[in-house]
Amino acid sequence: MPEINFRKVLLPFLTVFLLLLVHEIIIGRPDDHPFLYRDVSSVQIPPFRTMDLQGNTVTQDIFMGNFTVVCLWVTQDADNSRKLLTSINDWRNSAPAAFQFIGMIGDLKDASDAARITAASSVAGAIPAVPQLFVNDDLADLLARIRNVPTVFFVDKSGNLVGQPVVGNEPVLVQKEAMRLIGAESEEGKVQKELQNILFWRP
């Protein structure tokens, strides 16, 4: 009977365990993002009815069936917002996985504010295919959870907030987190997650 090399057998499991531990300590601490993901399972986009810059009516159904990258931005920070929106849209066109991309204009509730409509249209003009939603009172609860703009967050196919938000003009971080989450939703990702749940006990 061949001798078992326990070092070779245990080393991969210890490596995975350490990676998961580092992820929990560095990325998964709830105090790092208390405003959005303290309890991920209960955070869902609330029912809403709003308009976009093109005058179309938009509801929470926009998130159904699609993994969505959402960029919350304001017209008062036009330069950073324009750069971030354009960077994400350019990457989406060449990304290895398909996803939906929308914007939310945090300081624009309706079409009555002509000055902000003009400013928003100027920012969004380079990416006309990306819906830009007004953020009315229906979305107040969501806005109350977000402290800074621009902030990019992620919504799964069922309308749940997932992953970690990315604050500021950080397109590379947005790409990494989006691809991580899209991978986790794949069949391979689900199998991997189930295997991790079997191998490692979590309180």
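Modeller: Trp 73 lies in strand S3, which covers residues 68-73. The model is a predicted one. With a relative accessible area of 0%, Trp 73 falls under the 20% cut-off and is therefore buried.

Leaving out residues up to four places away in sequence, Trp 73 touches Ser 81, Leu 85, Gly 103, Met 104, Ile 105, Gly 106, Asp 107, Ala 120, Val 123, Gln 132 and Pro 150.

One of the contacts of Trp 73 is polar: its side chain meets the side chain of Gln 132 at 2.9 Å. Gln 132 belongs to strand S5 (residues 132-134). Gln 132 is also buried, because its relative accessible area is 2%. Beyond four places in sequence, the contacts of Gln 132 include Met 51, Asp 52, Leu 53, Ala 124 and Ile 127. Leu 85, Gly 103, Met 104 and Ile 105 are listed for Gln 132 and for Trp 73.

Now the nonpolar cores. The largest has 29 residues, and the members touching the most others are Phe 67, Val 69, Phe 99, Phe 101, Val 152 and Phe 154. At least two residues of this core come from each of S3, helix H2 (78-92), strand S4 (100-105), helix H3 (114-124), strand S6 (151-155), strand S7 (161-167) and helix H5 (171-185). A second, separate core of 18 residues includes Val 58, Leu 142, Phe 153 and Leu 161.

Conventions
Residues are numbered from 1 along each chain as its sequence is written. This is a predicted model: local features need pLDDT of at least 70, side-chain atom pairs count only at pLDDT 80 or more; totals for chains, interfaces and linings use all residues. Side-chain values use heavy atoms; hydrogens and water are left out. Helices (H or I, at least four residues) and strands (E, at least two) are DSSP runs, numbered from the N terminus. Buried means under 20% relative accessible area, exposed over 50%, partly exposed in between (1.4 Å probe, protein chains only). Contact means heavy atoms within 4.5 Å. A polar contact is a pair of N or O atoms within 3.5 Å; within protein, one must be able to donate a hydrogen and the other to accept it, and residues adjacent in sequence count only if both atoms are side-chain atoms. A nonpolar core is a set of buried Ala, Val, Leu, Ile, Met, Phe, Trp, Tyr and Cys residues joined through side-chain atoms within 4.5 Å.
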